[in-house]
Amino acid sequence: MRTLGINISHNASICQVTDGKIDFYYEEDRFNKKKYFIPTREDCYFKSIEKHVKEKPDHVITASFDRSL
């Protein structure tokens, strides 16, 4: 089973796990050259997904953090 995790808060990143083994982990700011990249409505494209996710995952999980409590 292949699971893709996408963190869309501070230090946006992706991680893919297949059968309990980490395939890769990438912080998005390494790909788009924007330090401390946080996706916004105007700029939410993850270049790391385009470059490294070759096969459709079985599950996609997203994580975020909201400080507006």
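Student: What share of the contacts between residues at least 6 apart in sequence join residues at least 24 apart?
Tutor: In this predicted model, 48% of those contacts in the protein chain do. To count as a contact, heavy atoms have to lie within 4.5 Å.

Student: Which pair makes the salt bridge, and what makes it one?
Tutor: The pair is E55 and R2, with their closest N and O atoms 3.1 Å apart. The cut-off is 4 Å between a side-chain nitrogen of Lys or Arg and a carboxyl oxygen of Asp or Glu, so at 3.1 Å the pair E55 and R2 qualifies. E55 sits in the loop between helix 2 and strand 4, while R2 belongs to strand 1 (residues 2-7), so the bridge ties together parts 53 residues apart in sequence. The structure holds one salt bridge.

Student: Why is K54 called exposed?
Tutor: Its relative accessibility is 66%, and exposed means over 50%, so K54 counts as exposed. You'll find K54 in the loop between helix 2 (47-52) and strand 4 (59-63).

Student: What makes up the positive surface patch?
Tutor: R30, K33, K35, K51 and K54 form it. Lys and Arg count as positive, so these residues give a positive patch.

Student: In what order do the elements run from the N terminus on?
Tutor: They go β-β-β-α-α-β, which takes in two helices and four strands.

Student: How much of the chain counts as buried?
Tutor: Of its 69 residues, 30% do, buried being under 20% relative accessible area.

Note on methods:
Residues are numbered from 1 along each chain as its sequence is written. This is a predicted model: local features need pLDDT of at least 70, side-chain atom pairs count only at pLDDT 80 or more; totals for chains, interfaces and linings use all residues. Side-chain values use heavy atoms; hydrogens and water are left out. Buried means under 20% relative accessible area, exposed over 50%, partly exposed in between (1.4 Å probe, protein chains only). Patches are made of residues with over 30% relative accessible area and no salt bridge: like charges are joined within 9 Å, nonpolar side chains (Val, Leu, Ile, Met, Phe, Trp, Tyr) within 5 Å. Accessible areas come from the Shrake-Rupley method with a 1.4 Å probe; for residues, only the protein chains shown count as cover. The place of a charge is taken as NZ of Lys, CZ of Arg, CG of Asp or CD of Glu.
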